[in-house]
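Please view the structure before reading on.

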Amino acid sequence: MPVEPVMPQPTLSDEHYEALLATCDVRTWIGKRDRAILTAFESTGCRVSELAAFRVGDVDLQTAEILVREPKRDRSGLARMRYVYLNDLATIALASWMRVRESGAHDDSLWLASNGDRLTSNGIQQMLRRRGERLGIVVSAHPFRRRLATKWLLDGGSEAGLKKMGGWQSSIMPSRYAAAGLAEIARADHARIFGSRRDRPR
């Protein structure tokens with residue numbers, strides 16, 4: 001069977017991620033919201049449509065997890081759902097945001113625009129683009145998803161766990177998303193399995 005070439009797509013570097021966080025003034029309502037969105041993206045790798053659909057009741061800060069209502073359905077036509085998990089930074093940022101979001105809430109959407117309406121997928125992408133422009137970089141939601149896949153495999157996470165976390169039905173997709181970091185992953189795997197050169201007998 002012919003093999004479709006996988007073209008590595010850009011991911012989000014640690015340097016750019018930290019710089020994006022630094023643009024969020026957490027003394028402001030918008031700053032708290034945007035920092036929570038950025039850390040949620042980084043921790044969960046969710047699709048922007050999934051993240052935009054979060055409701056307040058989907059978030060459990062005690063267990064550090066969020067219920068994801070996937071936009072796709074399974075073969076039987078039933079809506080798919082899964083849980084994704086928050087790291088410490090995302091948990092703290094979400095807790096800070098949820099304490100102040102009530103001031104202008106019109107419904108139970110987790111993310112709100114400045115007028116109190118639900119923040120849409122397009123609104124989230126616009127926020128990412130504006131914050132990226134401040135830094136002179138191009139930022140969108142998908143590089144966060146590739147970042148999760150790359151870091152997960154690089155740190156020794158299982159492909160099965162990544163597949164569940166990312167909501168992928170195909171086993172091929174996790175490797176596609178981590179394509180930009182496969183050389184680094186292979187190098188780390190080799191060092192772990194065969195040891196460094198200093199460990200080899202002379």
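Which residues of the largest nonpolar core touch the most other members? They are Phe41, Leu51, Trp111, Ile124, Leu128 and Phe144, out of 44 residues in that core. A nonpolar core is a set of buried Ala, Val, Leu, Ile, Met, Phe, Trp, Tyr and Cys residues joined through side-chain atoms within 4.5 Å. Buried means under 20% relative accessible area, exposed over 50% and partly exposed in between, with a 1.4 Å probe and protein chains only. At least two core residues come from each of several elements, among them helix H1 (14–22), helix H2 (29–44), strand S2 (65–73) and helix H6 (142–154). Helices (H or I, at least four residues) and strands (E, at least two) are DSSP runs, numbered from the N terminus.

The model is predicted: local features need pLDDT of at least 70, side-chain atom pairs count only at pLDDT 80 or more, and totals for chains, interfaces and linings use all residues. Residues are numbered from 1 along each chain as its sequence is written, and side-chain values use heavy atoms, with hydrogens and water left out.

**Rings around Phe144**

Beyond its neighbours within four places in sequence, Phe144 is in contact (heavy atoms within 4.5 Å) with residues including Leu12, Tyr17, Leu38, Phe41 and Val139. The whole structure holds 3 aromatic pairs. Rings of Phe, Tyr and Trp (its six-membered ring) pair if their centres lie within 6.5 Å; planes under 30 degrees apart count as stacked, over 60 as edge-to-face and the rest as tilted. Two of the pairs involve Phe144.

| Pair | Centre to centre | Angle between planes | Type |
|---|---|---|---|
| Tyr17 and Phe144 | 6.4 Å | 85° | edge-to-face |
| Phe41 and Phe144 | 5.2 Å | 25° | stacked |

Tyr17 in helix H1 is 127 residues apart from Phe144 in helix H6, while Phe41 in helix H2 is 103 residues apart from Phe144. Ring pairs link Tyr17, Phe41 and Phe144 into a cluster. Tyr17 is buried; Phe41 has a relative accessible area of 0%, and Phe144 is also at 0%.

**Helices H2 and H6**

The axes of H2 and H6 cross at roughly 40° and come within 7 Å. Axes are lines fitted to C-alpha atoms, for helices over the stretch in contact, and angles run from 0 to 180 degrees between N-to-C directions. H2 and H6 are therefore oblique to each other, as angles under 35 degrees count as roughly parallel, over 145 as roughly antiparallel, 65 to 115 as roughly perpendicular and the rest as oblique. Leu38, Phe41, Glu42, Ser43 and Thr44 of H2 make the contact with Phe144, Arg147, Leu148 and Lys151 of H6.
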